[in-house]
Protein chains: 6
Amino acid sequence: MLHTIQDRPDRRQPDQLRPISFQRSFTRYAEGSVLVSFGETRVLCNASVEQRVPPFMRGQGRGWVTAEYSMLPRATHTRSMREASSGKVSGRTQEIQRLIGRSLRAVTDLGSMGEITVQLDCDVLQADGGTRTASISGAYVALHDALSGLVKKGQLKKMPLLDSVSAISVGIVKGYPVLDLNYEEDSIAEVDMNFVITGSGRFVEVQGTAEEIPFSAAELDVMRDLALVGCANLKQLQQVALAD
Amino acid sequence: MLHTIQDRPDRRQPDQLRPISFQRSFTRYAEGSVLVSFGETRVLCNASVEQRVPPFMRGQGRGWVTAEYSMLPRATHTRSMREASSGKVSGRTQEIQRLIGRSLRAVTDLGSMGEITVQLDCDVLQADGGTRTASISGAYVALHDALSGLVKKGQLKKMPLLDSVSAISVGIVKGYPVLDLNYEEDSIAEVDMNFVITGSGRFVEVQGTAEEIPFSAAELDVMRDLALVGCANLKQLQQVALAD
Amino acid sequence: MLHTIQDRPDRRQPDQLRPISFQRSFTRYAEGSVLVSFGETRVLCNASVEQRVPPFMRGQGRGWVTAEYSMLPRATHTRSMREASSGKVSGRTQEIQRLIGRSLRAVTDLGSMGEITVQLDCDVLQADGGTRTASISGAYVALHDALSGLVKKGQLKKMPLLDSVSAISVGIVKGYPVLDLNYEEDSIAEVDMNFVITGSGRFVEVQGTAEEIPFSAAELDVMRDLALVGCANLKQLQQVALAD
Amino acid sequence: MLHTIQDRPDRRQPDQLRPISFQRSFTRYAEGSVLVSFGETRVLCNASVEQRVPPFMRGQGRGWVTAEYSMLPRATHTRSMREASSGKVSGRTQEIQRLIGRSLRAVTDLGSMGEITVQLDCDVLQADGGTRTASISGAYVALHDALSGLVKKGQLKKMPLLDSVSAISVGIVKGYPVLDLNYEEDSIAEVDMNFVITGSGRFVEVQGTAEEIPFSAAELDVMRDLALVGCANLKQLQQVALAD
Amino acid sequence: MLHTIQDRPDRRQPDQLRPISFQRSFTRYAEGSVLVSFGETRVLCNASVEQRVPPFMRGQGRGWVTAEYSMLPRATHTRSMREASSGKVSGRTQEIQRLIGRSLRAVTDLGSMGEITVQLDCDVLQADGGTRTASISGAYVALHDALSGLVKKGQLKKMPLLDSVSAISVGIVKGYPVLDLNYEEDSIAEVDMNFVITGSGRFVEVQGTAEEIPFSAAELDVMRDLALVGCANLKQLQQVALAD
Amino acid sequence: MLHTIQDRPDRRQPDQLRPISFQRSFTRYAEGSVLVSFGETRVLCNASVEQRVPPFMRGQGRGWVTAEYSMLPRATHTRSMREASSGKVSGRTQEIQRLIGRSLRAVTDLGSMGEITVQLDCDVLQADGGTRTASISGAYVALHDALSGLVKKGQLKKMPLLDSVSAISVGIVKGYPVLDLNYEEDSIAEVDMNFVITGSGRFVEVQGTAEEIPFSAAELDVMRDLALVGCANLKQLQQVALAD
């Protein structure tokens with residue numbers, strides 16, 4: 001059922017990821033700093049450790065992981081206005097940063113961290129589709145680096161990570177399901193889904209939207225399976241990056 | 001596999017909806033005005049027809065459907081601050097109102113409406129879980145009434161609706177999948193999903209979040225099937241209400 | 001001097017109120033919840049008890065009563081923008097909610113309440129003139145219910161209410177003074193006044209504005225007397241509602 | 001009934017105004033610029049002529065008069081925060097600037113002005129009670145100067161003023177009605193009223209608030225009469241100032 | 001090299017200040033209140049003493065001096081919008097108020113003040129060029145008065161001022177360097193500089209901008225020398241004002 | 001007079017720049033995209049061409065160059081809050097972005113560009129002192145690339161640049177003047193100056209602040225000369241980068 005190589009703009013197989021890279025220690029000051037690339041999409045994921053938790057969590061002895069997401073104004077083909085200039089964080093931005101935060105908390109043992117916060121900043125330097133999935137996948141590596149640092153310094157006895165996590169987009173383009181859409185594919189997709197999946201292959205988040213044509217249960221199954229393949233590959237790439 | 005009646009706080013079957021009602025013409029001025037109840041959750045869905053479209057759509061001869069969502073401060077057990085007082089629309093609110101708008105546009109033939117906007121206002125008078133699914137299901141009825149009015153007045157030649165649409169929540173509570181969670185169930189659910197499904201049984205939106213424990217592909221399948229049952233029932237209740 | 005029945009759009013006598021109702025326990029969670037109707041004007045008045053006072057009052061052992069007022073976007077003939085979307089609470093809204101708060105505090109013995117706040121939320125579901133007078137009159141009933149609840153629970157020894165309070169509009173329409181204007185009358189009135197009057201017939205607030213033609217001392221006297229009649233009737237209707 | 005001279009902090013008679021002055025041409029650029037003093041209260045009232053009207057009035061051939069009001073941070077005994085710093089115009093400020101605008105429009109023949117706006121800026125340099133009544137009384141003189149200038153330049157054929165207007169406060173202090181309260185009296189008054197009255201002795205605005213004790217119809221009558229006396233005196237002082 | 005008297009619009013010598021005055025005790029409540037005039041530019045500089053420091057300075061035993069700057073809407077030839085109405089403090093305003101604060105702190109011995117703040121409010125009543133230099137020069141006198149008051153009251157043992165400070169503008173107009181530009185000169189200047197200089201002739205701030213034509217090192221030297229002359233004169237005028 | 005090598009934390013000579021690099025085409029979509037490094041300070045300068053000018057310039061046939069500046073939250077040793085989250089652009093940010101815009105406009109022949117805008121976005125990825133001088137120096141290269149592109153495409157007949165421009169910081173640290181301070185030096189400097197200088201050695205902006213000790217005319221001269229040396233070197237490095 002999956003269509004052949006000539007159909008995708010960059011000649012990828014339907015179930016093939018774009019070239020993926022995780023460049024650690026990209027900046028000097030952050031406790032974890034990863035420049036993640038999903039093809040031409042590049043996101044700088046910085047993890048900052050703060051020795052406190054938000055007010056609503058104080059006194060419980062538990063930690064917190066949260067995220068902010070932003071695009072540089074000229075990450076895209078035409079310049080977009082800065083959210084600081086408009087004085088408002090857009091609905092899309094809030095939706096994405098809430099998603100990143102939930103995804104990372106799902107694999108973190110907050111109860112064993114003590115009252116610290118790891119703040120993930122995902123700043124998109126260049127956008128070619130899949131910025132939220134790249135952000136989650138890169139932020140996991142930055143979070144791992146930040147927490148490793150706390151273990152090395154002796155502040156934590158062991159890594160408070162229950163599993164790894166990555167994310168990938170799947171869509172239906174011209175009637176065919178494909179993995180990891182770039183901007184050109186994303187802008188014409190009939191269906192657009194994002195999956196967040198743990199290293200053990202379980203689902204943390206499933207988000208699907210029919211942009212043009214509602215989809216069937218059978219199509220949902222195919223997209224789910226493509227995502228499982230994609231995240232299994234991402235998990236290995238994360239492991240390789242962290243082993244360096 | 002589905003658990004028995006004694007497990008749910010209101011003794012419902014796992015696949016049983018709460019008492020549902022759609023009260024049309026609840027206020028006088030709106031072109032469509034529906035008070036929808038999903039059990040104790042009550043949302044006033046008002047549809048307003050405006051003879052213009054947003055700036056980014058002008059001159060294309062197409063229509064627009066959009067939504068705003070809000071809770072009265074004391075819709076909930078404890079009072080929450082008004083968003084007008086804080087000067088900000090929260091991320092959660094924006095996420096929900098974008099979802100409602102997308103869901104209704106998915107079944108509307110915008111190209112046959114001319115340059116008019118139908119604005120849906122979903123104001124939650126009382127919240128007991130499922131406010132976004134009640135909003136979508138009620139807003140569809142209000143949209144139908146507003147568009148019928150335009151047909152009756154001769155502004156539209158035929159109804160620009162391609163299908164009906166409704167929404168329902170599904171979750172995993174204490175290990176068991178259940179349909180249409182109330183607040184008590186929602187607050188302890190391990191997994192929380194929302195499905196938006198057309199009258200013909202196709203998916204417009206799928207949103208699932210593992211609040212506590214990531215879920216398996218098999219669990220995703222069971223929840224998908226519960227949602228299909230729930231929305232098939234909601235479709236019939238919408239038809240009955242519109243036939244009055 | 002008062003004009004005859006045929007002059008008012010709904011054939012009321014000059015000193016006749018519209019049909020008034022107070023529907024208690026309209027929602028489940030608020031400590032007092034009253035849907036008040038002045039003709040087609042419908043306002044949901046919810047009273048919330050909070051076990052604290054604002055910062056400027058802390059440590060004095062006194063209570064506080066305050067109010068917020070809002071209209072649903074489609075309470076009116078044409079839809080108005082949400083104040084949460086504009087990020088600003090309008091001057092008119094602030095003026096009204098300050099008025100409601102002052103009016104209720106005037107009959108409350110704040111010194112005998114202890115450090116609690118009763119927050120009144122007046123949300124207009126449908127507007128046909130007189131929303132601020134309906135809000136005050138309904139909020140009094142909701143406040144009474146909330147305070148009764150505290151007496152029943154033993155948190156208060158006796159009701160901290162010094163008197164009842166209600167409010168009514170008076171205006172000069174086509175040269176004649178009339179009581180309780182609906183929207184049609186209000187929009188053409190030469191003079192528009194609002195009176196807030198206690199159960200014992202004393203004035204808490206007097207607000208009069210000459211929209212078109214400044215008015216004389218004699219006209220002020222006639223309007224004052226109409227208001228005294230109107231509020232005497234409202235007092236009785238409040239008593240009946242509270243006796244149920 | 002009126003109390004004797006020893007009761008007021010500055011030994012005034014109950015019906016006596018503080019020393020009043022209107023200093024015209026206080027700044028160079030405004031078309032009308034009046035520094036008004038009511039005792040130690042000093043307000044700079046600048047009138048600016050703009051050759052346009054607000055969007056909602058365009059194309060009707062009518063003029064507009066509007067006002068803004070502000071206090072310098074250290075106009076008062078203790079410094080208050082600038083509204084520009086807080087990013088919000090307070091409810092009190094909005095209430096006052098709406099009142100000033102309505103009061104001046106009530107005596108202006110907007111229909112004979114053409115599409116121009118006169119913008120009144122009332123900036124309180126020093127506050128000792130009665131800032132809103134001083135603002136209205138001074139703004140009338142500034143408006144007169146701005147409109148006279150347009151007549152002299154030939155843009156207007158005749159003065160578009162139907163009458164003069166002034167404003168005064170009245171209150172009940174320690175049980176006695178008094179005129180033109182200063183801050184010391186205002187802060188302990190049981191009742192606080194503001195009257196806006198035309199040169200011909202008719203009412204434009206009546207605003208009364210029982211801060212402590214609701215007031216009777218008889219007390220309302222006495223306060224009304226004091227206000228008529230005060231505004232008759234203010235009218236003469238305005239005429240003298242404009243005759244210079 | 002300096003041009004002759006006929007070149008300046010008000011026939012001043014190139015190195016001649018406008019008429020300068022410092023009117024102390026302009027308002028009653030501020031601990032220091034100075035109306036400073038640089039020709040037609042008039043700024044009210046009020047100093048307020050607060051018995052606390054900002055959060056970031058608490059517990060260090062040191063004082064703080066800070067400033068806010070604002071223009072009345074009609075200080076200028078055409079009315080400008082209030083920053084409170086726009087909800088934003090402009091970049092220009094922030095730049096100026098930061099400059100005023102830094103300039104005053106440079107001559108204040110914060111370490112000997114204890115934990116108090118002196119807040120300077122510089123409100124421009126009329127603007128004819130040089131509002132920031134007039135503000136700094138006047139604010140110094142107001143600060144001196146406020147601190148003298150604390151010495152007189154015994155809260156401070158000695159004046160915590162290390163030196164005096166004043167500020168002046170210099171520019172290149174039609175090719176010639178001139179001192180203390182008024183608005184007419186400022187609006188056509190090729191180069192615009194502001195110097196903040198202590199009583200002992202040392203520089204606190206130097207700010208120069210080539211509006212039209214970048215300037216040479218030689219021109220910088222001439223402007224620096226003009227500023228030293230101007231501030232030496234301002235220092236004497238400040239001393240005379242403080243000796244009254 | 002200049003101190004010897006052992007005094008600076010990175011062993012530089014007093015008049016020695018840090019390692020400088022200009023990496024062109026850092027991102028794909030911007031018309032000019034330069035990653036500039038001044039030692040560990042790294043700023044991404046993107047130039048975007050827009051075929052319109054701001055409203056206040058329309059219809060004059062002239063172009064515009066403007067800038068925005070921002071730091072990533074973790075560009076610094078400790079994380080700082082995003083300005084989009086606080087809803088305000090800080091005074092410091094506004095001051096810097098106004099400086100960058102003025103500096104580039106000083107060397108651009110706006111009259112020969114037609115009605116286009118070049119928008120420079122300077123986003124600091126890593127901050128180690130001198131972010132504003134790096135931004136100006138890098139933005140010049142990005143502006144050059146964007147304008148070259150317009151010449152190549154035939155939209156402009158010739159380059160509308162009158163000269164090159166660069167910027168450098170100078171300071172007095174422990175009593176000695178030094179060039180191009182890093183963060184460690186900047187945080188203890190007694191005096192901090194920034195110079196913006198054209199390729200022909202003329203001044204566009206001079207900004208000096210005595211953080212601790214006011215400085216003499218002689219010290220100003222030494223700092224001015226250091227800046228001239230630094231910018232002469234930067235000019236050559238810009239030329240080399242543009243020649244690649």
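User: Why is A:Gly130 called buried?

Analyst: The model is predicted, and local features need pLDDT of at least 70, side-chain atom pairs count only at pLDDT 80 or more, while totals for chains, interfaces and linings use all residues. Residues are numbered from 1 along each chain as its sequence is written, chains are lettered from A and ligands numbered from 1 in the order written, and side-chain values use heavy atoms, without hydrogens and water. A:Gly130 has a relative accessibility of 17%. Buried means under 20% relative accessible area, exposed over 50%, and partly exposed in between (1.4 Å probe, protein chains only). The value of 17% therefore counts as buried.

User: Where does A:Gly130 lie, and what does A:Gly130 contact?

Analyst: A:Gly130 is in the loop between strand E5 (117-126) and helix H3 (131-152) of chain A. Helices (H or I, at least four residues) and strands (E, at least two) are DSSP runs, numbered from the N terminus. Apart from neighbours within four places in sequence, A:Gly130 is in contact with A:Arg18, A:Thr41 and A:Leu181; contact means heavy atoms within 4.5 Å.

User: Which residues does the UniProt annotation "binding site" cover, and why are they said to gather at one spot?

Analyst: The annotation, from an unreviewed UniProt entry, covers A:Arg92, A:Gly130, A:Thr131 and A:Arg132. They span 41 residues in sequence, yet no two of their C-alpha atoms are more than 13.6 Å apart, so they gather at one spot. UniProt positions are given in the numbering used here, feature names are shortened, and annotations may be inferred rather than shown by experiment.

User: What does A:Arg132 touch?

Analyst: A:Arg132 lies in helix H3 of chain A. Not counting residues up to four places away in sequence, A:Arg132 touches A:Arg92, A:Ile96, A:Leu99, A:Asn194 and A:Gln207.

User: What makes E:Ser166 buried?

Analyst: E:Ser166 has a relative accessible area of 2%, so E:Ser166 is buried. E:Ser166 is in strand E6 (residues 165-173) of chain E. The residues that E:Ser166 touches, leaving out those up to four places away in sequence, include E:Ile136, E:Phe195, E:Ile197, E:Cys231 and E:Leu234.

User: How much area is buried between chain E and chain D?

Analyst: About 3,000 Å², of which carbon and sulfur atoms give 49%. Buried area is the accessible area (1.4 Å probe) that two parts lose on being put together, summed over both. E:Tyr29, E:Arg74 and E:Arg79 supply 27% of the area that chain E buries against chain D, more than any other three residues. The contact takes 37 residues from chain E and 37 residues from chain D.

User: What makes the pair E:Arg74 and D:Glu31 a salt bridge?

Analyst: The closest N and O atoms of E:Arg74 and D:Glu31 are 2.6 Å apart. A salt bridge is a side-chain nitrogen of Lys or Arg within 4 Å of a carboxyl oxygen of Asp or Glu, so the pair qualifies. Between chain E and chain D the count is 14 salt bridges.

User: Which pair of chain F and chain A forms a salt bridge with N and O atoms 2.7 Å apart?

Analyst: F:Arg82 and A:Glu68 form that salt bridge. Across the interface of chain F and chain A there are 14 salt bridges.

User: Which element gives the most to the side of chain F that touches chain A?

Analyst: E3(F) gives the largest share, seven residues. That side divides into 14 nonpolar, ten polar and 13 charged residues. Ala, Val, Leu, Ile, Met, Phe, Trp, Tyr, Cys and Pro count as nonpolar, Asp, Glu, Lys and Arg as charged, and the others, Gly among them, as polar.
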